[in-house]
Amino acid sequence: MAKLKEKLWNWGHLEGSHNKIVDFNCTMSPEEFAESYGIKNAFIVSYGGNITPPFSGLAERFSSLNQIKWSILGDASTPLPEEKLGNTNDVIEVAKDFKNITGGVVDDFFSPERTKRFTPEVLTEIKENLNKNGLDFWCVLYSHEFDLPLENYVDCFDGITFWIWKSEDIANMKDYFTRLKNLAKNIPVMLGVYLWDYGNGKAMDPKIFENQLAYYFELLKNKEIEGIVFCSNTIGDMPLETNKILKEYIKKYSDIEN
């Protein structure tokens with residue numbers, strides 16, 4: 001049986017990626033986050049175009065991580081690759097040499113620019129190429145995107161990471177989870193947790209944060225979700241209450257088998 005800590009993930013960006021949008025300078029890398037928090041899995045995602053092919057140098061740096069899902073498309077501020085399938089072929093190539101790379105991910109996907117170019121047909125081609133090389137394909141979905149026409153896209157992915165952008169909306173997390181499960185059906189889902197309130201540009205309210213953690217860890221314990229993803233190493237070395245609370249929850253839950 002797997003331990004819960006094996007189902008915890010970092011939403012990994014290169015160190016310092018968020019320094020312009022938070023109130024401090026953070027120097028923690030994805031591999032340092034893994035060491036400090038005991039979270040050995042990571043999504044590795046380009047932020048503002050700061051990760052570009054070839055990926056072998058960074059993959060070597062991250063070889064101590066257990067699992068990696070590498071970005072096929074980076075965040076919204078990352079220019080779209082010229083290639084029809086984004087960075088799919090580059091991820092497939094680097095995964096041949098680094099077996100801890102187990103999948104690909106598209107970040108900030110459901111925007112007009114991205115859905116226009118990456119149609120369900122193109123996404124299906126990406127998925128098929130990844131799958132035949134032993135890799136899975138994940139996307140990001142936000143709570144404020146539920147009213148978009150998502151049904152044509154869901155089957156294009158092997159998994160969904162789900163995020164609540166504004167902290168005040170975390171109060172609706174149980175309703176969101178019901179909607180997510182109805183949408184995803186049998187597709188695995190991971191639930192995202194922000195260590196900083198990016199939607200409001202301020203520190204996360206510790207009570208709201210702890211309520212979210214308590215609910216998500218119980219879902220994980222009860223095998224209702226595939227994992228929990230934390231954003232991120234980019235603020236992981238800051239003296240925030242959320243970082244302290246997260247470490248307490250990891251200590252409490254990580255060695256539980258399920």
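Contact here means heavy atoms within 4.5 Å. With that cut-off in hand, welcome to a predicted model that holds 10 salt bridges and zero disulfides.

**Helix α7 against helix α8**

- Helix α7 covers residues 173-184 and helix α8 covers residues 206-221; their axes come within 11 Å and cross at roughly 35°.
- The crossing of these two helices is right-handed.
- On the α7 side, the residues that meet α8 are Met173, Lys174 and Phe177. Their partners in α8 are Asn211, Gln212, Tyr215, Tyr216 and Leu219.
- Sorted by class, this α7 and α8 contact has five nonpolar, two polar and one charged residues.

**Salt bridges**

- Arg61 pairs with Glu31, and the closest N and O atoms are 2.8 Å apart. This bridge links distant parts of the chain, as Arg61 sits in helix α2 (residues 56-61) and Glu31 in helix α1 (residues 30-37), 30 residues apart. Arg61 is partly exposed, at a relative accessible area of 33%.
- Lys84 forms a salt bridge with Glu125, with 3.0 Å between the closest N and O atoms. Lys84 belongs to the loop between β3 (67-73) and α3 (88-97), while Glu125 is in helix α5 (residues 120-131), so this pair ties together parts that are 41 residues apart in sequence. Glu125 is partly exposed, with a relative accessible area of 28%.
- Arg179 and Asp147 form another salt bridge, their closest N and O atoms being 3.4 Å apart. Because Arg179 is in helix α7 and Asp147 in the loop between β5 (136-142) and α6 (151-154), the pair ties together parts that are 32 residues apart in sequence. Arg179 is partly exposed, with a relative accessible area of 40%, whereas Asp147 is exposed, at 72%.
- Lys3, Lys5 and Asp255 are linked in a network of salt bridges.

**Cysteines**

- A disulfide is a covalent bond between the sulfur atoms of two cysteines. The cut-off used for one is a pair of cysteine sulfur atoms within 2.5 Å.
- The model has zero disulfides. Cys26 is in none, and the nearest cysteine sulfur, which belongs to Cys231, is 11 Å away. Cys26 counts as buried, at 1% relative accessibility.

**Backbone details to check in your viewer**

- The peptide bond from Pro53 to Pro54 is cis, with omega near 0°. Pro54 is in the loop between β2 (41-44) and α2.
- The peptide bond from Cys231 to Ser232 is cis as well, with omega near 15°. Ser232 is found in the loop between β10 (227-231) and α9 (241-253).
- Asp108 has a positive phi, near 45°, in a residue other than glycine. The loop between β4 (101-106) and α4 (112-117) holds Asp108, which counts as buried at 18% relative accessibility.
- Lys223 has a positive phi near 65°, and this residue too is other than glycine. Lys223 lies in the loop between α8 and β10. Buried or exposed, which describes Lys223? With a relative accessible area of 56%, Lys223 is exposed.

Terms used:
Residues are numbered from 1 along each chain as its sequence is written. This is a predicted model: local features need pLDDT of at least 70, side-chain atom pairs count only at pLDDT 80 or more; totals for chains, interfaces and linings use all residues. Side-chain values use heavy atoms; hydrogens and water are left out. Axes are lines fitted to C-alpha atoms, for helices over the stretch in contact, and angles run from 0 to 180 degrees between N-to-C directions. Helices (H or I, at least four residues) and strands (E, at least two) are DSSP runs, numbered from the N terminus. A crossing is left-handed if the near helix is turned anticlockwise from the far one by less than a right angle, and right-handed if clockwise. Ala, Val, Leu, Ile, Met, Phe, Trp, Tyr, Cys and Pro count as nonpolar, Asp, Glu, Lys and Arg as charged, and the others, Gly among them, as polar. A salt bridge is a side-chain nitrogen of Lys or Arg within 4 Å of a carboxyl oxygen of Asp or Glu. Buried means under 20% relative accessible area, exposed over 50%, partly exposed in between (1.4 Å probe, protein chains only).
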